[in-house]
Amino acid sequence: MKHNLLKYFSFAIIIICISCLGPTEKTLNPFSDLKKDTSIKYAKRFCISRNKDLTLIYLFGNKENFDTTATYLICNDTTLIKTLPQNITFIKSPCKKIAALSSIYATMFYEMGLLNNIVAIDNVDYMNNKAIIDRCASKQIQQLSKGIEPDLEQTIALNPDIIFTFGMGDPKKDINPKLSQTKIPVVISLDHKEETPLARAEWIKFFAAFVNKENLADSIFKIVEKNYIRLKAIAEKAETTPTVFNDMKYSDVWYMPGGKSYMAQLLNDAHTDYLWKEDDKFGSIPLSFEQVYVKAKDAQFWINVSTLKTKKDLLSFDTRYNEFAAFKNDKVFNNTKYTNSHGYSTYWETGMIYPDKILSDLLLIFHPELKEQIKNELYYYEQLK
Amino acid sequence: MEKRECIILKNATLGYKKNQEDVIILKNIDLSFYAGDFIGIVGLNGIGKSTLLKSLCGLLPVLNGEILIDERNVNSLFLKDLAKKIAIVLTEKIGGFNLTAYDVVAAGQMPYTNSFNRLEKENLTIIESAIKICGIETHQYKLLNELSDGLFQKTIIAKALAQQTPIMLLDEPSAFLDYASKHDLFLLLKKLSAEENKCILVSSHDLDLLLKYCSKLLVISDNSIELIDNASAKANKAFLEIGGGFI
Amino acid sequence: MERNTNIKFLVLICLLVVSCILSLLYGGSEHIDLGELSSNNFIFWHIRFPKTLTAIIAGCTLAVAGLILQIIFRNPLAGPYVLGISSGASLMVAMSILAGGSLHLMSEFFIGKTFIVLSAISGSFLITLLILGISKKVNSNVVLLLIGLMLSQICGAIQTALEYFSDANSLKSFVTWGMGSLANTTNIDLAIYLPIALICLLAVLFFVKPLNALLLGENYSQNIGVNFKTSRFYLILISSVLTGLTTAFCGPIAFIGTAVPILSRMVFKNSKQHLHVISCLLLGSIILLLSDAFANSLIKNISLPINMITTFIGAPLVIYLMFKNKSW
């Protein structure tokens with residue numbers, strides 16, 4: 001975090017210098033009095049600083065050293081564009097027509113009360129949100145990614161004020177070069193690169209900064225944070241630490257979440273013994289059936305089995321799944337309590353924004369004795385029948 | 001020796017089927033061939049010599065009329081039984097898959113082996129003698145692809161011999177042979193027809209050889225099919241036309 | 001010559017035993033202690049054993065299917081994978097998963113499996129017939145191979161389209177079937193896989209005579225008493241069942257069907273097809289077993305895709321043969 005800050009400050013200084021070299025008759029420097037948003041505590045992949053006229057958002061896409069890979073300037077003064085260096089994306093505020101090319105981003109804007117500003121999503125098949133589905137049906141929201149890639153022509157024709165898309169942090173690689181030639185600003189979200197549940201949830205502040213909903217986002221996140229910390233504290237009092245493993249084979253490879261992954265941290269916070277917690281990967285570990293079997297055959301719990309809802313479904317892929325103790329003892333759970341007709345769960349849509357709900361589910365699964373204190377029902381998870 | 005009719009064509013129309021439609025090559029033929037006949041088939045290119053030979057052994061359909069082999073319709077005979085009656089030598093090339101000359105000759109004994117194609121002692125004797133008769137002993141373990149055209153031809157003839165059939169059909173067997181081998185071949189065929197009473201039909205463009213060795217000539221021309229004696233050949237108008245004035 | 005052949009077979013059998021042991025003991029990440037091989041050693045009996053047996057069956061079936069196809073097409077480069085037959089089988093499986101998913105067939109184990117096996121077989125049968133029809137119009141072995149490649153691309157494209165239009169539930173099942181793998185068959189699967197494979201392989205032994213005759217082409221095989229069209233039909237049926245069956249359980253496995261008969265002809269320099277059927281059984285098993293052991297032991301704790309290994313064996317052989325035989 002320390003060197004991260006250093007990078008940010010050095011960058012801010014460069015920008016200030018650049019702006020100082022601009023037209024001299026402009027006595028008031030628009031970049032003066034920039035203040036860093038110190039409320040961002042968990043997220044490491046972005047930071048925000050603002051003054052009364054403009055907001056600067058930095059994206060730290062570099063995998064190792066958290067270098068700034070993209071910068072967004074949000075301002076309603078378009079004269080600033082001319083003075084900006086090329087690597088800063090200018091976004092004229094306020095954004096009224098939003099293309100949110102992921103069910104998560106669309107949900108964020110929905111949660112911030114901006115349903116009517118969403119003009120496009122990627123593909124309605126992934127959505128469970130009834131309001132968004134209805135607006136898609138009535139063509140008020142367009143689907144830009146019905147295919148594998150976003151439809152460029154449709155996107156340009158729609159001409160949204162801003163596009164939010166998934167990426168790895170480098171605008172040169174993440175954004176279609178033809179799309180970057182247009183005037184439509186494309187913002188890359190790195191929420192998936194965050195390593196802790198609260199960090200991911202905090203990304204709602206990132207999205208809020210583009211649409212002047214900072215206060216609302218802050219309050220949404222505060223509740224999540226408070227709940228999460230409360231639940232984590234409850235979990236710590238649990239007397240047991242049940243063993244657990246994740247996922248299932250995909251062809252013959254079993255991708256197990258790494259020991260430092262989002263899921264592993266949730267499981268840790270839920271006071272469980274995740275069997276691959278010693279691993280040092282943030283992504284997933286490719287394993288063979290044999291490797292998983294050796295380690296997990298006696299594990300008490302098994303969660304996140306793809307999109308499957310019944311034990312029979314699980315066996316239809318491989319009958320050897322019934323050799324796991326968790327399977328025999330009916331301790332297989334999946335995040336499929338609510339899915340749409342295409343099999344996509346609400347978990348993938350809202351779970352990232354509300355990790356407290358996931359944690360609450362995990363606590364109910366692993367520590368049913370704490371039910372009194374948790375005071376929730378299962379949000380996402382169900383037991384495989 | 002008793003003259004036995006072994007091939008009879010009754011008002012037979014021959015040709016092939018293309019996209020369910022008949023393509024007629026030879027029309028309304030009535031002919032009989034006897035055991036011990038050594039018949040040379042002459043005719044210009046594309047007149048239907050190969051069609052006739054292929055039809056006789058069931059490789060092409062009889063479009064109309066019928067062909068009788070030993071008094072039985074060629075199409076009603078089991079293939080395995082037909083294979084014991086007629087052997088054919090075609091002009092097509094085969095090879096690859098490690099096939100040696102020996103393998104091809106051995107295939108001639110296939111109608112006589114069990115369903116696992118196991119070669120017994122008597123099969124092996126017949127194969128060896130066929131190889132010897134055709135003079136390919138020194139080449140028998142060579143791959144077909146490596147044989148010269150002439151040796152390949154002799155191999156196929158040896159296969160036909162190994163099939164031990166009373167009828168042998170040969171489509172231009174002399175095409176690739178050297179002068180001496182041509183005479184050897186025709187001598188052999190003549191001997192087989194005379195000593196083993198085989199009915200042998202051979203098509204060829206070597207008219208002098210046919211005249212010299214065959215007992216009869218089947219002359220196919222645009223408007224007629226005639227079976228004539230060798231002696232009367234030089235008086236036959238159709239034959240002379242095929243000869244092109246060089247005979 | 002006979003003695004030489006016997007020695008070669010003896011060597012192959014020894015190799016088979018060795019590769020079985022290698023696959024059983026080293027075909028995975030965990031250490032197998034031979035001293036503790038009790039009947040309840042799950043890893044040995046339910047992970048290694050079915051995988052080894054699957055490698056053997058898949059090797060046998062694909063090699064023999066390849067041998068049959070090479071003779072039917074009289075093309076030494078033919079095989080279920082290169083002619084697009086495996087892809088046809090995969091495509092049919094994908095289609096049946098889509099249809100079966102909506103009919104809720106797939107969750108019933110035996111119905112689901114039978115459904116998948118039958119569709120894979122019909123898929124490979126249809127593509128074989130199609131390529132047979134095409135083969136009559138082309139007289140170059142290499143052109144036929146190119147057409148097979150195109151067919152396989154077309155099947156792949158349709159499959160991609162299906163994947164694209166399918167939902168999350170069936171998508172995973174597609175991909176599961178679409179990749180070649182020996183590790184997904186369980187002992188219960190083998191109860192279906194093994195008997196059908198055995199029946200078909202036994203049936204092939206009764207077709208060694210037609211196989212020998214077919215080498216001489218349509219006319220000569222008819223003339224030596226083998227019904228060309230009937231034999232060809234049954235042989236195509238058998239090879240389709242063999243290919244479809246293995247594709248249903250393992251997905252498309254690359255190049256085994258092409259490479260093994262080629263190797264067999266290199267080892268046994270004769271044209272007796274009963275020898276080649278048996279040597280294809282042995283060589284097919286050995287190569288797939290060794291490929292599997294190799295795929296699992298090359299990088300520690302990571303098992304490489306089996307098709308990567310088999311392609312490295314098969315593709316250079318095909319290229320070599322193309323160069324060697326210039327007469328095409």
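Two strands pair if DSSP finds at least two bridges between them. The views below show a predicted model.

**View 1. Chain A holds an open sheet of five strands.** The strand order is E1-E2-E3-E4-E5, and the pairing is mixed. E1 (35–36) and E5 (88–92) of chain A stand at the edges. Each has a single partner strand, so one side of each is left without a neighbour in the sheet.

**View 2. E1(A) meets its neighbour E2(A).** E2(A) spans residues 46–50. E1(A) and E2(A) run antiparallel and are joined by two bridges. At A:Lys36, the bridge partner in E2(A) is A:Ser49.

**View 3. Six strands of chain B make an open sheet.** Their order is E6-E7-E8-E3-E9-E10, again with mixed pairing. E6 (86–89) and E10 (224–229) of chain B are the edge strands, and each pairs on one side only. On average, neighbouring strands of this sheet are turned by 15° against each other, direction ignored.

**View 4. E7(B) and E8(B) pair in the parallel sense.** E7(B) covers residues 167–171, and E8(B) covers residues 199–203. Five bridges link the two strands. B:Leu170 stands opposite B:Val202 of E8(B).

**View 5. Helices H1 and H5 of chain B lie across strands of chain B.** H1(B), residues 49–56, lies across E3 (38–42), E6, E7, E8 and E9 (216–221) of chain B. H1(B) runs at about 150° to E7(B). H5(B), residues 149–162, lies across E6 and E7 of chain B. The angle between H5(B) and E6(B) is about 180°.

**View 6. Chain C touches chain B.** In this contact, 23 residues come from chain C and 26 residues from chain B. On the chain C side, H8 (208–214) and H9 (217–223) are the elements that give two or more residues. H9(C) gives the most, with five residues. By class, this side of chain C has nine nonpolar, ten polar and four charged residues.

**View 7. Chain A touches chain C.** Here 25 residues of chain A are in contact with 25 residues of chain C. The elements of chain A that give two or more residues to this side are H11 (289–296) and H12 (311–317). The chain A side divides into eight nonpolar, nine polar and eight charged residues.

**View 8. Chain C has 13 helices and zero strands.** Along the sequence, chain C follows the pattern α-α-α-α-α-α-α-α-α-α-α-α-α. Of its 328 residues, 52% count as buried. Among contacts in chain C with a separation of 6 or more, 79% come from residues 24 or more positions apart.

**View 9. H11(C) crosses H13(C).** H11(C) spans residues 256–267, and H13(C) spans residues 306–324. The two axes come within 9 Å and cross at roughly 60°. That angle makes H11(C) oblique to H13(C). The crossing is left-handed. H11(C) contributes C:Ile256, C:Thr258, C:Ala259 and C:Ile262 to the contact. H13(C) contributes C:Thr310, C:Ile313, C:Gly314, C:Leu317, C:Val318 and C:Leu321. By class, the contact of H11(C) with H13(C) has seven nonpolar, three polar and no charged residues.

How values were computed
Residues are numbered from 1 along each chain as its sequence is written. Chains are lettered from A and ligands numbered from 1 in the order in which they are written. This is a predicted model: local features need pLDDT of at least 70, side-chain atom pairs count only at pLDDT 80 or more; totals for chains, interfaces and linings use all residues. Helices (H or I, at least four residues) and strands (E, at least two) are DSSP runs, numbered from the N terminus. Axes are lines fitted to C-alpha atoms, for helices over the stretch in contact, and angles run from 0 to 180 degrees between N-to-C directions. Two residues are in contact if their C-beta atoms, placed from the backbone, lie within 7 Å. Ala, Val, Leu, Ile, Met, Phe, Trp, Tyr, Cys and Pro count as nonpolar, Asp, Glu, Lys and Arg as charged, and the others, Gly among them, as polar. A residue is buried if 20 or more other C-beta atoms lie within 10 Å of its own, exposed if 12 or fewer, and partly exposed in between; C-beta atoms are placed from the backbone. Angles under 35 degrees count as roughly parallel, over 145 as roughly antiparallel, 65 to 115 as roughly perpendicular and the rest as oblique. A crossing is left-handed if the near helix is turned anticlockwise from the far one by less than a right angle, and right-handed if clockwise.
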